[in-house]
Amino acid sequence: LPTEVISYGSDGTRKSTSSKYVKDYVFSTVNDGSSIALKEMAALNINAPVETYRTIERSGVKKTVSAELLTFKTFLISGITRYLPAQKLIFQEPAGVINFQTSSITAGAFKNDSRYWTSENYTDYNSKGLLRSSDNNKGGRVSTLYSGYLSYAEAQGASVNEIAVNTFEDA
């Protein structure tokens with residue numbers, strides 16, 4: 001899996017997109033939900049992307065301009081323990097910052113840069129591990145119904161248990 005992709009502009013600007021994966025974290029001690037989920041994912045050989053950040057370097061000064069982070073947690077689905085995304089966090093600063101801190105597990109707890117903001121909360125998954133319900137951290141909820149692995153209904157502003165659908169295939 002690529003950990004860094006670098007390109008150069010005609011003006012000599014160095015642009016970099018870097019990624020951290022589950023197995024890039026050190027799991028000496030884990031105490032919180034995110035770090036426990038990451039440790040268990042690594043033990044199951046699941047090496048999903050966790051954090052991606054973009055930097056621009058001009059005249060020897062490297063600045064982080066944007067980043068995206070997924071936090072994970074344990075979900076118990078139909079009696080099976082699954083480790084799935086819990087939140088999507090975003091960082092954006094067009095002018096860039098020189099002191100961006102990438103995520104880590106420190107003293108057993110998952111840590112990330114304090115300038116991230118939560119863009120999505122993933123709240124419910126179905127028995128196949130497909131996302132059924134999420135919100136935009138501002139009260140806007142999206143729920144999805146599936147037939148097998150295919151979604152057949154999506155509702156804005158409603159939870160999964162508030163949706164009823166009758167299709168000709170259900171007859």
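**Exercise 1. Determine how strand 8 and strand 9 are arranged in this predicted model, and describe the turn that joins them.**

Solution. Strand 8 pairs with strand 9 (residues 131–135) through 4 bridges, in the antiparallel sense. One of these pairings can be located by residue: Tyr122 has Ser134 of strand 9 as its bridge partner. The two strands form a hairpin, with 5 residues between them. Within that turn, Gly129 adopts a positive phi of about 85°.

**Exercise 2. Identify the strand that 4 bridges join to strand 8 (residues 117–125), other than strand 9.**

Solution. Strand 5 (residues 80–97) runs antiparallel to strand 8 and is joined to it by 4 bridges. As a point of reference, Leu89 stands opposite Thr118 in strand 8.

**Exercise 3. Classify Ser35 as buried or exposed, and list its contacts.**

Solution. Ser35 belongs to helix 1 (residues 33–43). Its relative accessible area is 0%, and buried means under 20%, so Ser35 is buried. Leaving aside residues up to four places away in sequence, Ser35 touches Phe27, Val30, Ile105, Gly108, Ala109 and Phe110.

**Exercise 4. Examine the phi values and the exposure of Ser59 and Ser78.**

Solution. Most residues other than glycine have a negative phi. Ser59, although not a glycine, has a positive phi of about 50°. Ser59 lies in the loop between strand 3 (49–58) and strand 4 (61–77). With a relative accessible area of 81%, Ser59 is exposed.

Ser78 likewise has a positive phi, near 50°. Ser78 is found in the loop between strand 4 and strand 5, and its relative accessible area of 62% makes it exposed.

Technical notes. Residues are numbered from 1 along each chain as its sequence is written. This is a predicted model: local features need pLDDT of at least 70, side-chain atom pairs count only at pLDDT 80 or more; totals for chains, interfaces and linings use all residues. Side-chain values use heavy atoms; hydrogens and water are left out. Two strands pair if DSSP finds at least two bridges between them. Buried means under 20% relative accessible area, exposed over 50%, partly exposed in between (1.4 Å probe, protein chains only). Contact means heavy atoms within 4.5 Å.
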